[in-house]
Amino acid sequence: MGQWAGFRGADVTVLRDSGGIFEEPGDVALPSRTDTMRRVVRQSKFRHVFGQAVKNDQCYDDIRVSRVTWDSSFCAVNPRFVAIIIEASGGGAFLVLPLHKTGRIDKSYPTVCGHTGPVLDIDWCPHNDQVIASGSEDCTVMVWQIPENGLTLSLTEPVVILEGHSKRVGIVAWHPTARNVLLSAGCDNTIIIWNVGTGEALLNLDDIHSDMIYNVSWNRNGSLICTASKDKKVRVIDPRKQEIVAEKEKAHEGARPMRAIFLADGNVFTTGFSRMSERQLALWNPKNMEEPIALHEMDTSNGVLLPFYDPDTSIIYLCGKGDSSIRYFEITNESPYVHYLNTFSSKEPQRGMGYMPKRGLDVNKCEIARFFKLHERKCEPIIMTVPRKSDLFQDDLYPDTAGPEAALEAEEWFEGRNADPLLISLKHGYIPGKNRDLKVVKKNILDSKPTANKKCDLISVPKKTADTASVQNEAKLDEILKEIKSIKDTICNQDERISKLEQQMAKIAA
């Protein structure tokens, strides 16, 4: 596969494959721009994706976004909350706002502020919309439980503190399908995989990377991870066997930071810089990483390209730090494999970016992505929609997507089992289940904090059996949970009755 050359228009990058794939036999002259466009551009239902920033009153204003020089997204979003890392004196903090809490955010609004150093990365648990993990310069990872309706007081006590890194922790990433499994990576070049439910570090990958880790990405079922490192290598790693499955030296030859993420088909997508400091994107097959499937040079900006991937539609959105645009590409199995779709442009540069999971989108408006763009002093949602005339549910835009239920328990994954995400239909929109949080509370031991201030011993082998005492307590916990559920239902009914009576009183008084 030949390397791609780029023709650059105002917002459009037009590609030509110098390996001759797009040239007719016997062609000698460079094809004209229109010929190249005709051959490369293909029909796609995402060709006319329309991006639009929301109105000012739907933004989150007066937020002091973190100024830390770290290339993370500084923002994490789920269907209930948006979390933003902010400037904080005397430690590290982040805001957690209910999605509907738009407008100006008061300076005294409560924060999550248990770290003693700046927070570098945050990630919502995919199996519990009230649990978030944070990594910090204070060398710790903390896991927090956010109240159902958001914070009313600042949160200083995490559910559990995970200690094991000797330098700052810049990456946290939850396992996509196993409950309570959390990965962290630090500037000590070490990756630790934790069982959050017990507060233990069960896997310690400390001899795989010789230089700083830029990012870590799980694959679709969480059996492998891929990493991009300062030594310019992209590695595919089996964390449970603690071995490198595939590796590519100088995936991008430039010195600036790279990113590597897994795609749904098992291929790896990377962003980085060429030796001439041009930004590049590339697609790799882990079974043969000698040459990329595709390599594309984009522009000469120096902002790190943060990739956000939608496995349901095979679209990758690239958000450059300091850019004022979001480019998006469709990945297919036909040459040239990475198809440029369009660019959303705005005036203000972005400090960071949050990306909403598919289940948090408005399917009635054909919304296929929602970004939360961080400015210096505000967070601005950006809605991406596919224009459609029909008001009916669009099956082709919304195949079944990963739901909030975990497919495995932590112990099962550590013992060697794999499972794909449990899928849900978005036909009638996503409605959070009433009991979902309680189940995860039980598994996370979120109210008993057994190891909150205790340093964990690092174990390099998976734990074979669950604690027998916890197994015996399962039945009792189930009974308690049922009782809590029935009491909560009663309270809800009484609340509804009270509000109806108050309305009647108001009418009589009027």
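**Notes on side-chain pairs**

1. The model is a predicted one, in which local features need pLDDT of at least 70 and side-chain atom pairs count only at pLDDT 80 or more, whereas totals for chains, interfaces and linings use all residues. Residues are numbered from 1 along each chain as its sequence is written, and side-chain values use heavy atoms, with hydrogens and water left out.

2. The structure holds 13 aromatic pairs (rings of Phe, Tyr and Trp, the last by its six-membered ring, with centres within 6.5 Å; planes under 30 degrees apart are stacked, over 60 edge-to-face and the rest tilted). One of them joins Tyr 317 and Tyr 328 in a tilted arrangement, 5.7 Å centre to centre with 45° between the planes. Because Tyr 317 lies in strand β27 (residues 315–320) and Tyr 328 in strand β28 (residues 325–331), this pair ties together parts 11 residues apart in sequence (strands are DSSP runs of E, at least two residues, and helices are runs of H or I, at least four, numbered from the N terminus). Both tyrosines also belong to one aromatic cluster with Phe 308, Tyr 355 and Phe 371.

3. The rings of Phe 329 and Tyr 340 have centres 5.6 Å apart and planes at 70°, so this pair is edge-to-face. It links strand β28, which holds Phe 329, to strand β29 (residues 338–345), which holds Tyr 340, across 11 residues. Phe 329 and Tyr 340 are buried.

4. A search of the whole structure finds 21 salt bridges (a side-chain nitrogen of Lys or Arg within 4 Å of a carboxyl oxygen of Asp or Glu). Arg 179 and Glu 409 form one of these, with the closest N and O atoms 3.2 Å apart, and the pair links loops 230 residues apart, Arg 179 lying between β14 (169–174) and β15 (181–186) and Glu 409 between β33 (401–402) and α2 (410–414). Arg 179 is buried at 6%, whereas Glu 409 is partly exposed at 23%.

5. Asp 310 and Lys 358 form a salt bridge with closest N and O atoms 2.9 Å apart, and both residues are buried. In the salt bridge of Asp 362 with Lys 365, the corresponding separation is 3.9 Å; here Asp 362 is partly exposed at 25% and Lys 365 is exposed at 60%.

Conventions. Buried means under 20% relative accessible area, exposed over 50%, partly exposed in between (1.4 Å probe, protein chains only).
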